[in-house]
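Please read these notes with the model open beside you, and take the points in order.

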Amino acid sequence: MDEIEIPAHFLCPISLQLMRDPVTVCTGITYDRENIEKWLFSCKNNTCPVTKQCLLDHDLTPNHTLRRLIQSWCTLNASFGVERIPTPKSPIDRTQIVKLLVEAKKFPEKQLKCLTRLRSIAFEGQRNKACLESAGVVEFLASTMKYKTEENSTVLCEAAIEVLFHLSPSEAQLKALLYNEGFQFIESLFHVLRLGNYQSRAYATMLLRSALEVADPIQLISVKTVLFVEIMRVLRDQISQQASKAALKLIVELFPWGRNRIKGVEGGAVSVLIELLLCTSERRTCELILIALDQLCGCAEGRAELLNHGAGVAIVSKKILRVSLVASDRGVRILASICRYSANARVLHEMLQVGAVSKLCLVLQVNCSFKTKERAKEILRLHSSVWKNSPCIPVPLLSSFP
């Protein structure tokens, strides 16, 4: 097919490839449906790619005449290896979706069938997603997630959460859900985190992270310890890299609020994070774990848990200067918190044994940020009298401390 010259008007102006489903926008220019939908709905553009005119509406009119011409051309050139493009299915319209929702609301026993259909519609294209949103599907999904009985609650919640996740609700929609549904919406996500399958728990984690990202302070302060327990279970089970990243970002955003650091410690966060840090070398994951541990070490309970873990100080020290400047800074901050508020003879001896003191000395000699170097100096200055006889501290360095 590479040797055949395709007529110019058969090519999509965006991809310059043969159009499979030509549609015309209000400016009169024809594009392949997949490409123009991506331009309009995924990339959030509001202009015609060719004319640069503002599109007053996003209606896409199928160009049946051009499609038939393309199909005929494909048939005529079949001997050259050109495959005939199939006739595309007609896209679903808002009226059909509204009818589907009305039926599901009227007959609760049909809700699961409706959710299955909504899922397939959501997967069929960006325009369908926009159509679903305009028909009030997001609100319907939130309503469906209000489980009524234990028998069908998890199945319905899982199905609704999957559709909601693939719709990628906007910040405004998430805020509206939190305002209108609030506690019930979060509880539904938690219900799936607790009882759902791996895939549904991943969706729930990512939706929860997106929702709490736009939540108000009262909602952030009000989260319960059991939520941290379930988030830690997501991390422990390593459901997926995407879910783990979402879980880490979620706790990093939650820990600074109210008593969330203590709730996190009670939920087993310190132990899970240390175990995860022991078995990962991915840069961003390491950074997020160290940021979370740094936050937890801001409270006495968090420091105690880290020191009680046999590998806590060792793995934090190991990651300094091995991952990134961000990771090194957070690692030194963790050691600084320990040395300021939780240092005793056992802790200081352990820092010598696992190489933490050597690493702090190395921080002063390499290219780290000014603040990181200052923190390392402060730690060495605080306990130089204990460590001064250690061979791991260079003699010239000892003279700089009183």
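1. An unreviewed UniProt entry places the feature "domain: U-box" at residues 5-80. Please keep in mind throughout that this is a predicted model.

2. Along the principal axes, the C-alpha atoms fill a box of roughly 90 × 60 × 40 Å.

3. As for burial and surface, 50% of the 402 residues count as buried, and the protein chain exposes about 20100 Å², of which carbon and sulfur atoms supply 53%. Among contacts between residues at least 6 apart in sequence, 65% join residues at least 24 apart.

4. The protein chain carries 50 positive and 39 negative side chains, and the centres of these two sets lie 5 Å apart.

5. Two backbone angles deserve a careful look. Most residues other than glycine have a negative phi. Leucine 16, however, has a positive phi, near 60 degrees; this residue is found in the segment before β1 (22-24) and is exposed, with a relative accessible area of 58%.

6. Where is glutamine 238 found? Glutamine 238 is in the loop between α12 (225-237) and α13 (241-254), where its phi is also positive, near 50 degrees. With a relative accessible area of 48%, glutamine 238 is partly exposed, because the exposed class begins over 50%.

Terms used: Residues numbered from 1 in each chain as written. Predicted model: local features only at pLDDT ≥ 70, side-chain atom pairs only at ≥ 80, totals over all residues. Heavy atoms only, no water. Buried < 20%, exposed > 50% of the residue type's maximum accessible area, 1.4 Å probe, protein only. Contact = heavy atoms within 4.5 Å. Areas by Shrake-Rupley, 256 points an atom, 1.4 Å probe, with all protein chains shown as cover. Lys, Arg positive; Asp, Glu negative; His and termini not counted. Charge placed at Lys NZ, Arg CZ, Asp CG, Glu CD. UniProt positions renumbered as here; feature names shortened; annotations may be inferred. Helix = DSSP H or I, 4+ residues; strand = E, 2+ residues; numbered from the N terminus.
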